[in-house]
Amino acid sequence: MSTTATLEYNGEKYEFPVTVGTENEIAIDIKTLRAQSGIITLDPGYKNTGSCESAITYLDGEKGILRYRGYTIEELAEKADFLEVAYLLIFGELPTRDQLDKFHEDIKDQSVVDEDMKKILDSFPKSAHPMGVLASLTSALIAFNPSSVNVSSEEEMYRAIVKLMAKFPVLVAWTLRKKEGMPLDYGDDALGYVENIAKMMFKKPNKEYRKNDVVINALDKLLILHADHEQNCSTSTVRIVGSSHAGLFASISAGISALWGPLHGGANQAVIEMLEGIKADGGDTKKYMAKAKDKNDPFRLMGFGHRVYKNFDPRARIIKKAADEVLGDLGVTDPVLGIAKGLEKEALEDQYFVDRKLYPNVDFYSGIIYRALGIPTEMFTVMFALGRLPGWIAQWREMRLRNEPIGRPRQVYVGENKRTFIDIDKR
Ligand code: CMC
């Protein structure tokens with residue numbers, strides 16, 4: 001395998017080193033291109049640009065492989081719990097029992113959110129989208145935890161990480177409870193990390209909370225499946241904001257905003273709205289398949305397609321199976337599950353989808369499970385954010401520990417050349 005690559009332009013040759021990853025991914029390292037030649041590369045949407053070297057998540061979109069720190073997503077979803085996976089992603093190794101207990105204890109110690117944060121939450125109208133509320137509250141955490149902004153040592157970094165792992169689920173639960181008009185409450189230190197989240201979200205003020213293992217296991221699995229996905233839009237946002245040495249909370253708040261969009265994490269809400277729309281329109285899936293293929297129609301089959309997967313998204317396979325199990329265990333019948341399965345079958349046999357390698361992604365079936373668990377549609381992307389939190393933290397930590405330079409892309413300017421200013425009354 002060649003260790004250098006040569007670019008020829010205008011009769012000049014420029015040589016660049018080639019970097020090979022541990023899974024044999026090959027990249028031409030063009031860091032010196034501009035210094036050598038004055039030329040830059042152009043790649044809108046970063047379809048072909050590696051922004052960093054990372055040891056966290058491996059993804060092979062052609063083969064449908066996803067691994068966190070070397071462990072397959074299938075094995076982790078089956079055998080690990082979310083806090084274990086969070087530890088693995090952030091610190092690089094599966095924790096021992098003692099390490100996990102300590103991590104959990106440290107988190108519990110930090111799980112109180114300043115009461116004044118409730119005033120901020122109260123000032124939002126009930127109609128506010130939970131993703132906007134969550135991004136704002138996460139950003140507001142900085143004001144109440146100023147020492148978490150400047151992370152100059154690993155120890156300070158650890159403290160900031162623990163604080164966020166502790167306080168974020170409270171913010172998520174409060175965001176939901178505000179929407180539902182329920183009193184804001186704290187968790188219960190005696191419970192497991194995910195069990196505590198479930199209680200904080202679902203406990204009714206007038207009823208004793210009863211643990212439901214089906215709900216907790218489903219939540220655990222969904223959170224694990226969403227925990228990281230290498231350099232996607234929100235993660236890249238977290239890394240680029242953090243690269244300016246903005247603190248962890250500010251970087252994560254920016255990631256939440258990036259995740260909100262319907263082309264990214266917001267797709268889980270968009271999928272259920274699409275399926276409901278198809279149901280209300282008589283359930284004619286063929287009509288919507290035709291719309292998705294019509295280039296003059298902006299409609300897209302939400303929950304289908306992926307920038308990287310050109311095969312089944314392995315997370316979608318697990319979630320589809322889990323959807324059947326969870327709905328069965330909870331005794332829930334959801335007519336949109338049938339519509340989703342019908343759409344999937346048609347799409348997988350349709351030449352348009354086959355040619356473009358469009359398969360169901362993680363968001364196609366997840367909303368159906370969230371809904372069965374009693375989570376309102378507008379909260380779906382918040383659940384995605386809750387799952388993605390350890391991944392964002394791991395990526396931010398890696399970026400800071402590697403002392404990566406500030407993210408600052410270049411551009412090709414295509415605007416006006418130099419012009420002379422014209423006075424306002426002469427224009
Ligand atoms: N329905 C219909 N056509 C589609 C779809 C779709 N869902 N997705 C892609 N295409 C077509 C697209 O029109 C284009 O066709 P052509 O080559 O004829 O112009 C081709 O497939 C390639 O699409 P693209 O938009 O250039 O691909 P991309 O890599 O830029 O976009 C995507 C990836 C996920 C934004 C896109 O597939 C999409 O909009 N999907 C629906 C939204 C969605 O489900 N998003 C969740 C992604 S997974 C979770 C996450 O990462 O957050």
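The model is predicted, so local features need pLDDT of at least 70 and side-chain atom pairs count only at pLDDT 80 or more, while totals for chains, interfaces and linings use all residues. Residues are numbered from 1 along each chain as its sequence is written, and side-chain values use heavy atoms, with hydrogens and water left out.

I begin with the ligand. There are 23 residues around it, and those that come nearest are His 264, Arg 300, Leu 301, Gly 303 and Arg 307; a residue is near if one of its heavy atoms lies within 4 Å. By class, this shell holds eleven nonpolar, six polar and six charged residues. Here Ala, Val, Leu, Ile, Met, Phe, Trp, Tyr, Cys and Pro are nonpolar, Asp, Glu, Lys and Arg are charged, and the others, Gly among them, are polar.

Next, the polar contacts (N or O pairs within 3.5 Å). A polar backbone atom of Leu 301 is 2.7 Å from a ligand nitrogen. For a backbone N or O atom of Phe 304, the distance to a ligand nitrogen is 2.9 Å. Tyr 352 places a side-chain N or O atom 2.9 Å from a nitrogen of the ligand.

I turn now to the helices (DSSP runs of H or I, at least four residues, numbered from the N terminus). The axes of helix 7 (residues 154-180) and helix 18 (residues 380-401) are 11 Å apart, at an angle of about 170°; axes are lines fitted to C-alpha atoms over the stretch in contact, and angles run from 0 to 180 degrees between N-to-C directions. The two helices are therefore roughly antiparallel, a term for angles over 145 degrees.

Terms used
Polar contact = N/O pair within 3.5 Å; in protein donor to acceptor, adjacent residues only side chain to side chain. Parallel < 35°, antiparallel > 145°, perpendicular 65-115°, else oblique.
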